[in-house]
Amino acid sequence: MKAAVLTEINEPIQIVEVDMPVLSAGNVLIKISAASINHRDLWIQKGQYAGIKCPIILGSDGCGVIEKAFDDSNNHWIGKRVIIQPGFLWGDSETHQSKAYHILGLPTSGTFAEYLSIPIENVYQAPDFLTDSEAAALPLAGLTAYRALISKAELKSGEKVLISGMGGGVAFFAFQFALAIGAEVWVTSSSDHKIAEAIQMGAKGGFNYTIQDWKKSATVSFDVIIDSAGGPEFKHFLDIAAFGCRIAIYGGTLGNIEINPQKLFWKQIKILGSTMGSSTDFDAMLKLVTDKKIIPHVSQIFPLDKINEAFTYIDSQKQTGKVILGVI
């Protein structure tokens, strides 16, 4: 089969012929039609991720049709269009993942290939109102956004929420989910254009964080703040947080944070770390998407053999939403 293989860090991904995946007990074989690129894939390629091994087929998200099942009891899945829950071995606690938890695409080969063998418990029927590309965009980013926004920060209808880094896949899902449950949504971005797009789609307003003292233009206090970056800008969130604010952080691309403990304890602010999500989170996320008919925003679709161009496009931060590889 054809696959996109990372053979060495900091090198272009190669499109090569590899062996078909082995169909083991409890697994099904999926013919992949579309796969979503996440920033995780870029960080792995750049050597900025733990436990990297090469060669590896990257990719954590995918949509496709089940062609074969190892066990006869799963034959009813054959022919169904499905999406993939990319997390393995979460564990018994809903509060955190187990030490054995890992994500599809590293250390195990992922979805940037024509076929994938995966345990049946990681397979969900794709919502019928979504295209293959839209369905492929959903799992990793949607799960991460849902857990941070709802499972951890417990956003409720009518609350004010600020979502940082508007344009990225997780941030865009958090934006869509917050609107769907009736929250008042604000965003930050380095792009005035992306802020304007968010306002057109229902945001109350936004802030360009590249402007010095941008926080002074914030005339509201936020009940919930969702952040993916950390870094020196994080301290400003304490100034615009309401009393009892819940700040959920799911990434740290800008490095260590600095906080004023007096502001933290006086406002009784909670800072909540969040990574991916459990199967319970995935079930709830998929139910919200289905009930509210939420359409993942696809920024651009690239054929599999243009994967390096797709990585460059994401790295340029031009996208709003998800970037998809059409595998067929």
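**Entry 1: Lys263 and its partner**

I began with Lys263, which is partly exposed, its relative accessible area being 32%. I keep in mind throughout that I am reading a predicted model. I then looked for the partner of this side chain and found Asp239, the two meeting in a salt bridge with N and O 2.4 Å apart. The pair ties together distant parts of the chain, since Asp239 sits in helix 6 (residues 236-240) and Lys263 in helix 7 (residues 261-266), 24 residues apart.

Next I turned to helix 8 (residues 279-292), where Asp291 and Lys287 both lie, four residues apart, which is about one turn of the helix. Their side chains form a salt bridge, and I recorded 2.6 Å between the closest N and O atoms. Asp291 has a relative accessibility of 48% and counts as partly exposed, while Lys287, at 51%, counts as exposed.

**Entry 2: Asp213 and Lys216**

How far apart are the closest N and O atoms of Asp213 and Lys216? I read 3.7 Å for this salt bridge, and because the rule asks for a nitrogen within 4 Å of a carboxyl oxygen, the pair is counted. Asp213 is partly exposed at 40% relative accessibility, whereas Lys216 is exposed, with a relative accessible area of 65%.

For the whole model I noted a count of eight salt bridges by this rule. As a reminder to myself, side chains of opposite charge can pair when their charged atoms come close.

**Entry 3: a nonpolar patch**

Finally I looked for nonpolar side chains on the surface. Which residues form the nonpolar patch? I found Phe243, Phe265 and Trp266, with about 450 Å² of accessible area together. Of these I followed up Phe243, which is found in strand 15 (residues 241-249) and is exposed, with a relative accessible area of 56%.

Methods
Residues are numbered from 1 along each chain as its sequence is written. This is a predicted model: local features need pLDDT of at least 70, side-chain atom pairs count only at pLDDT 80 or more; totals for chains, interfaces and linings use all residues. Side-chain values use heavy atoms; hydrogens and water are left out. Buried means under 20% relative accessible area, exposed over 50%, partly exposed in between (1.4 Å probe, protein chains only). Helices (H or I, at least four residues) and strands (E, at least two) are DSSP runs, numbered from the N terminus. Patches are made of residues with over 30% relative accessible area and no salt bridge: like charges are joined within 9 Å, nonpolar side chains (Val, Leu, Ile, Met, Phe, Trp, Tyr) within 5 Å. Accessible areas come from the Shrake-Rupley method with a 1.4 Å probe; for residues, only the protein chains shown count as cover.
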